Amino acid sequence: RQAEQQHQCGRTALVLLFCLALAGIVATFIPQEPVIPQTVAAWRLGEEGPGPAVAQVFDAAELFDVFGSWWFTTLTVLLVVSLTGCLIPRYRTFARTVRRPPVAGRNLERLTNHARLDTTLEPDAALAQVDRALARLRFRRRRLNGEATRSGRPQLAAERGHWREGGSLAFHSAFYVLLIGVAIGQAFGFTGQINVVEGSAFTDTRIVYGAV
């Protein structure tokens, strides 16, 4: 059930990310007022663009300021919430899996891929040889004596593959931090434009900018 919930959460995050990407594409075709207010004003007056009627629709949908619109902010918040709901359970599962030593198989016949090899070596010598082979392949290994196994014989448990999940978590965590940084910058920062004549002075204060 937990794996199904994580899968559903991941699909939700992908849908939200796709919606944000579509919003970014829309913002490349429609002039954005914080960047080029003169062009947006010309669209509203009908001097440029598809006409005043379409411009009114764009205004109602806040398409002249996509990245500052309420619906873009809502999508961003939902994406952050979705990623949080995905990452926290994955981190918990990953931490438990990494700390847990390899578990010896109880019934190899139930595994899809398994093989049986006969050898003339003594059990301890065979396990030692297999242990060395798995060590070269960088498996995590755990050797159990006969008292710790159901068969009463010594066994060697080995596993690997945690780097893949760790790399996936690192990637998604980096994207999560980037998204949080963008949200904080959008909420508490500002961008401005000003035309400076060569040779004139300029003071970096908010009131000086022509468009903020």
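Which residues does Thr-76 touch, not counting residues up to four places away in sequence? In the predicted model described here, Thr-76 touches Leu-20 and Leu-179 when such sequence neighbours are set aside. Thr-76 is found in helix H4, and with a relative accessibility of 14% it counts as buried, because the cut-off for a buried residue is under 20%. The paragraphs below place this residue within the chain, and then turn to the helix pairs and the loops.

The protein chain contains 6 helices and 2 strands. Read from the N terminus, its elements follow the order α-α-α-α-α-β-β-α. Of the 212 residues in the protein chain, 21% are buried. Among contacts between residues at least 6 apart in sequence, 55% join residues at least 24 apart.

Helix H4 spans residues 70–99 and helix H6 spans residues 162–188. Two packed helices are described by the angle between their axes and by the distance between the axes. For H4 and H6, the angle is about 150 degrees and the axes are 10 Å apart. H4 is therefore roughly antiparallel to H6, since angles over 145 degrees are placed in that class. The crossing of the helices H4 and H6 is left-handed. On the H4 side, the contact is made by Thr-76, Leu-79, Val-80, Leu-83, Thr-84, Leu-87, Arg-90, Tyr-91, Phe-94 and Thr-97. On the H6 side, the contact is made by His-162, Glu-165, Gly-166, Ser-168, Leu-169, His-172, Ser-173, Phe-175, Tyr-176, Leu-179 and Ile-180. By class, this contact of H4 with H6 comprises 11 nonpolar, 8 polar and 2 charged residues. Thr-76 and Leu-179, which touch each other, are both among the residues of this contact.

A further residue of helix H4 is Ser-82. Ser-82 has a relative accessible area of 8% and is therefore buried, the cut-off being under 20%. Leaving aside neighbours within four places in sequence, Ser-82 is in contact with Cys-9, Thr-12, Ala-13 and Leu-16.

Helix H2 comprises residues 37–45, and within this helix Val-40, Ala-42 and Trp-43 are buried. Viewed down the axis of H2, the buried residues fall within an arc of 160 degrees, so they line one face of the helix. The face of H2 that is turned away from the buried side carries the exposed residues Gln-38 and Leu-45. Just after H2, Gly-46 adopts a positive phi of about 85 degrees.

Helix H2 also packs with helix H3, at an angle of about 125 degrees and with the two axes 6 Å apart. H2 and H3 are therefore oblique to each other. Trp-43, Arg-44 and Leu-45 of H2 form this contact with Pro-52, Ala-55, Phe-58 and Asp-59 of H3. By class, the contact of H2 with H3 has 5 nonpolar, no polar and 2 charged residues.

Attention now turns to the loops. Glu-62 is found in the loop between helix H3, residues 52–60, and H4. Although Glu-62 is not a glycine, its phi is positive, at about 60 degrees. With a relative accessible area of 28%, Glu-62 is partly exposed.

Arg-138 is located in the loop between helix H5, residues 123–136, and strand E1, residues 140–144. The phi of Arg-138 is near 65 degrees, which is a positive value in a residue other than glycine. Arg-138 has a relative accessibility of 74% and therefore counts as exposed, because the cut-off for exposure is over 50%.

Arg-160 has its place in the loop between strand E2, residues 155–159, and H6. Arg-160 is exposed, with a relative accessible area of 53%. Not counting residues up to four places away in sequence, Arg-160 touches Leu-137, Arg-138 and Phe-139.

Technical notes
Residues are numbered from 1 along each chain as its sequence is written. This is a predicted model: local features need pLDDT of at least 70, side-chain atom pairs count only at pLDDT 80 or more; totals for chains, interfaces and linings use all residues. Side-chain values use heavy atoms; hydrogens and water are left out. Axes are lines fitted to C-alpha atoms, for helices over the stretch in contact, and angles run from 0 to 180 degrees between N-to-C directions. Helices (H or I, at least four residues) and strands (E, at least two) are DSSP runs, numbered from the N terminus. Angles under 35 degrees count as roughly parallel, over 145 as roughly antiparallel, 65 to 115 as roughly perpendicular and the rest as oblique. A crossing is left-handed if the near helix is turned anticlockwise from the far one by less than a right angle, and right-handed if clockwise. Contact means heavy atoms within 4.5 Å. Ala, Val, Leu, Ile, Met, Phe, Trp, Tyr, Cys and Pro count as nonpolar, Asp, Glu, Lys and Arg as charged, and the others, Gly among them, as polar. Buried means under 20% relative accessible area, exposed over 50%, partly exposed in between (1.4 Å probe, protein chains only). The arc is that of the directions from the helix axis to the C-beta atoms.
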